Amino acid sequence: MSSSGSGPIDPSTARTIESGRQTLGVMLRTAQSKLQHVFIAFVVGLIGGIMAMRLYVWPKLEEDLLVETANVIAQTPFDVILMQVKIGLFTGAALAIPVLLYHAREPLVEREIIPDVSVSRLNVALVALVCAGLASAGVAYAYFLFFPLMFEFLASNAVGAGLAPKYSIVKWTEFILFLALSFALAAQLPLAVSAFSYSGIIPYETFRDKWKYAVVGIFAFGAFFSPPDPFTQILWASPLILLYGLSLYCAKVVVTMKRGREHVDVRGVFRERWNRVLGVGVLGFAAGYATGQYGGIEAFNAGLEFIGSSVRVPTVSDVLGVDPATGYLVLGGAFAVVALTAAALYYTYVAIDRAAQQVAQSRLGQPENPGDIDLDELHAAGVRAAPPEAFASLTEDEALSTANRALEADDDEKAQAVLDRFDEVHADLDEEAVEAEQAAADEESNTVQSTAAGMMDAFTEEETTEDDIGGYYYDIRFVFSSLRSRAFRIVGTFMALMVGIFGWLYYGGFREIRDNFIARIPADVRPLATGGEWPITLHPVEALVFQVKISVVLAAIGTLPVIIYYIWPALSDRGWVTGDRRVIAVWGGGLVGGLALGSYLGYSFVAPEVISFLVYDALDAGMVISFTVSTFAWMVFLLTVGIGILVDIPVTMVLFHAGGIVSYQTMRRRWRVPVISAFAFSALVTPDSLYTMLLIALPIAIMYLVGLAILAVVTLGGRRGGSASTRTA
């Protein structure tokens, strides 16, 4: 093999790394040379953020957003100070980064790291103003509508579940600021879509045609930034969907202005409709004058009073200190200005929409076959908007000839657009051809897979062992491929179980379990739980998140027999299991029975005794008991359902061996797989703590070893028991 061009890093990756290294070096050198400016901006942001949190932000948040049923507590002596410093560091960095980028622009341009694009200060100021306005609108929506409704809902849900909303000052404040920041960023959607469309990075037609994916993406994005309940999901997604519609319109405006500026004739539209514009202004003036003359403001204030609002709108005469007649005229003029502005925006939209249609007709035409479009008659924007069929029928020589004719006509932009679209379309065609070829190969491979598996074993036995990563990858891929046809049933079963369990917990089940369990605790400890003060929630969504996690765990347990039933033929083909898969139905019943028995024992005897011991120990130390819902509920879960799950492990092992599904020898030989899986499962379903992860993983691993010990005794070390196939596996 030739060594030229070979190496751990290909040339393009090396160039990218080198460019990043140079960019970082320029930024660091700029920070050193302009350290005073950057440091001053950082310090101003730091001090400003701390002072704003102390004097205004925190008191305002507590006054406006903290519901009556909730309290805010500090968990450590430094919570408040550290929170203020953390916010100050964030604001300082946010203020220093623009200063650093401003000073680093010229060195980056000199080294050709970024292009030299001249942008006027007016345009920069307009973009900054639009960004600030959109961010302010997003934060205002969150602060005045989303947060009040959400916090009231979450607090009432926690109280209804028998929990005490005592939020950590750090978690509560960070939750508010994080969500407010996410709303501010999401509000930039119109600006971002317009910028991508105008620059051509993402065509406007893509945003328009893929709106369904955008709606799904908005809901998925909201799932990460809002509590896991439908109410707040709708509150989150609804304004973003409206923003996406506004973004499409803004993108249409800027793209039309770019593609066919000469077609936009706003003045012509106004000359054509001047009488309607004037009529709208007259009607606006008349409406404003009538509102003042006939007590419209007084009626509006009466309506505010009726709904219980303390807000009152003053009259124009009171604000300006003029007589009522003059006030009526001023109010009429204000209404006329608003009406004229609305009419101007509407007819500007009419002019732009008319221009868009003209651009489409003049540059694309309407041929019956899209492949018959004459590219020579199109401008650069028309080439970019032309359908893929116009380029799919071209050869490389024809595309080059078209680009050369554009160059001869001094239209470099069109020439580049022709080559770019040709490469883009043919790259997609090549990719589709490769995918079709791969699909055909996969289909052929599936028909002979079982035969080829034995042939491959003859080669892999010499080069890889059974425990080698190559053999495992081949087997695992084969096993999971067998589940594709049953994925809908498996996912449907899991979702049905999860939704059912979560719905029961959400609509009172959690409160029933909490009250019933506390009733089992000795009477001298029980008063600690009166008044809904035990356990507490430190985060607004802590209770909901716990309910979701518990629902996922129980649904996964309930879906496991279904997965094993459908995956059994593939496991049998690989030689991992033997016997009759109908035994799985018996195993499912044993799983439910063992889970119920172990949960009953834990719920009735083990968990109350353990909790009581911990409470007594805390009382002897003179402490106040305020268990959080995460630690308290997870402890109860582990001591009840967890015991049932642990009981199921040796039960499963014995049933699988007796039914000839998985032999004792296989379980003993592959003991690493379930042990590692136990630690991975524990890391996913437990709180962010190494202690709780070990608290779940270690008992599971130990019970697996106990099951092996039981089978060793029953089978006399594997010398008897099970079917013949299991004894020889």
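1. I begin with Phe151, which, once its neighbours within four places in sequence are left aside, is in contact with Leu65, Val67, Trp172, Phe175, Ile176 and Pro540.

2. The largest nonpolar core has 47 residues, and the members that touch the most others are Leu65, Phe147, Met150, Phe151 and Trp172. Two of these, Leu65 and Trp172, are also among the contacts of Phe151 named above. Helix α4 (121-160) is one of the elements that give two or more residues to the core, together with α2 (35-65), α3 (79-110), α5 (169-186), α7 (204-209), α8 (211-225), α9 (230-259) and α21 (487-519). Of these, α4 gives the most, with ten residues.

3. For the chain as a whole, the model has 29 helices and three strands, and 36% of the 729 residues count as buried. Among contacts with a separation of 6 or more, 78% are between residues 24 or more positions apart.

4. Confidence deserves a careful look before any detail is discussed. The mean pLDDT of the protein chain is 75, with 72% of its residues reaching 70 or more. Confidence is lowest in helix α19 (residues 449-463), where the mean is 40, and highest in helix α26 (residues 664-669), where it is 87. Two stretches with pLDDT below 50 can be set side by side: residues 1-8 have zero contacts in the model beyond near neighbours in sequence, whereas residues 364-368 have nine contacts counted in that way. Where pLDDT is low, the predicted coordinates should not be read in detail.

5. Helix α24 (residues 629-639) and helix α25 (residues 641-658) pack at an angle of about 35 degrees, and their axes are 3 Å apart. On the α24 side the contact is made by Phe637, Leu638 and Leu639, and on the α25 side by Val641, Gly642 and Ile643. Sorted by class, this contact of α24 with α25 has five nonpolar residues and one polar residue, with no charged residues.

6. Two residues with side-chain polar atoms can be considered together. Ser182 is placed in helix α5, and a polar atom of the Ser182 side chain lies 2.6 Å from the backbone oxygen of Leu179. Ser182 counts as buried because its relative accessible area is 4%, under the 20% cut-off. Thr715 is placed in the loop between α28 (690-714) and α29 (724-728), and a polar atom of the Thr715 side chain lies 2.5 Å from the backbone oxygen of Leu711. With a relative accessible area of 1%, Thr715 is therefore buried as well.

7. Ala344 and Val277 are 67 residues apart along the chain, and their C-alpha atoms are separated by 7.6 Å.

Key: Residues are numbered from 1 along each chain as its sequence is written. This is a predicted model: local features need pLDDT of at least 70, side-chain atom pairs count only at pLDDT 80 or more; totals for chains, interfaces and linings use all residues. Side-chain values use heavy atoms; hydrogens and water are left out. Axes are lines fitted to C-alpha atoms, for helices over the stretch in contact, and angles run from 0 to 180 degrees between N-to-C directions. Helices (H or I, at least four residues) and strands (E, at least two) are DSSP runs, numbered from the N terminus. Contact means heavy atoms within 4.5 Å. Ala, Val, Leu, Ile, Met, Phe, Trp, Tyr, Cys and Pro count as nonpolar, Asp, Glu, Lys and Arg as charged, and the others, Gly among them, as polar. pLDDT is the predictor's confidence in each residue, from 0 to 100. A nonpolar core is a set of buried Ala, Val, Leu, Ile, Met, Phe, Trp, Tyr and Cys residues joined through side-chain atoms within 4.5 Å. Buried means under 20% relative accessible area, exposed over 50%, partly exposed in between (1.4 Å probe, protein chains only). A polar contact is a pair of N or O atoms within 3.5 Å; within protein, one must be able to donate a hydrogen and the other to accept it, and residues adjacent in sequence count only if both atoms are side-chain atoms.
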